[in-house]
Amino acid sequence: MSHASRITLAATTLGAIGIVVFVHSAQRTEKAAMHAGVVRDYEQQRMKRERQADFEMQAAMEKEYRKIQTVSDGGAPRRP
């Protein structure tokens, strides 16, 4: 094997290894980003459920309070 062919073989081997390492690294980075998106979506859904539960609890409390208390509009004149 000539010196030039050895250099060419070494360069192409190193290039191929570099490409494989780069692709695997890019795939890991992309997978981590996708997983972070899923985690963020779950957290948003959890917060939305909590806000909905709070809203429903407030509505139920308002309904109960309206049964026992009279509510006025602060003395503003009514519009016909």
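I began with Arg 66, which forms a salt bridge with Glu 62, their closest N and O atoms lying 3.0 Å apart; I use the term for a side-chain nitrogen of Lys or Arg within 4 Å of a carboxyl oxygen of Asp or Glu. Before going on, I noted that this is a predicted model, in which local features need pLDDT of at least 70 and side-chain atom pairs count only at pLDDT 80 or more, while totals for chains, interfaces and linings use all residues. I also noted that residues are numbered from 1 along each chain as its sequence is written, and that side-chain values use heavy atoms, with hydrogens and water left out.

Next I looked up where this pair sits: Arg 66 and Glu 62 are four residues apart in helix H1, so about one helical turn separates them. Helices here are DSSP runs (H or I, at least four residues), as strands are (E, at least two), and they are numbered from the N terminus. Arg 66 counts as partly exposed because its relative accessibility is 47%, and Glu 62 is likewise partly exposed at 41%. For these classes I keep to the cut-offs of under 20% relative accessible area for buried, over 50% for exposed, and partly exposed in between (1.4 Å probe, protein chains only).

I then turned to a network in which salt bridges with shared partners join Glu 43, Arg 46 and Glu 50. The side chains of Arg 46 and Glu 43 meet at 2.3 Å, N to O, and since these two residues are three apart in helix H1, they are separated by about one helical turn. Arg 46 also forms a salt bridge with Glu 50, again with 2.3 Å between the closest N and O atoms, and here the two residues are four apart in helix H1, about one helical turn. I looked up the accessibility of each member and found Arg 46 partly exposed at 32%, Glu 43 partly exposed at 34% and Glu 50 partly exposed at 40%. In total, the structure holds four salt bridges.

For the chain as a whole, I found one helix and zero strands, and of its 80 residues, 1% count as buried. The chain exposes about 7800 Å², of which carbon and sulfur atoms supply 62%; such areas come from the Shrake-Rupley method with a 1.4 Å probe, and for residues only the protein chains shown count as cover.

On that surface I found a nonpolar patch formed by Met 57, Met 61, Tyr 65 and Ile 68, with about 420 Å² of accessible area together. Patches take residues with over 30% relative accessible area and no salt bridge, joining like charges within 9 Å and nonpolar side chains (Val, Leu, Ile, Met, Phe, Trp, Tyr) within 5 Å. Met 61 is found in helix H1, which covers residues 3-68, and is partly exposed at 33% relative accessibility.

My last entry concerns Thr 12, which lies in helix H1 and is partly exposed, with a relative accessible area of 48%. A polar atom of the Thr 12 side chain lies 3.0 Å from the backbone oxygen of Leu 9.

Technical notes:
A polar contact is a pair of N or O atoms within 3.5 Å; within protein, one must be able to donate a hydrogen and the other to accept it, and residues adjacent in sequence count only if both atoms are side-chain atoms.
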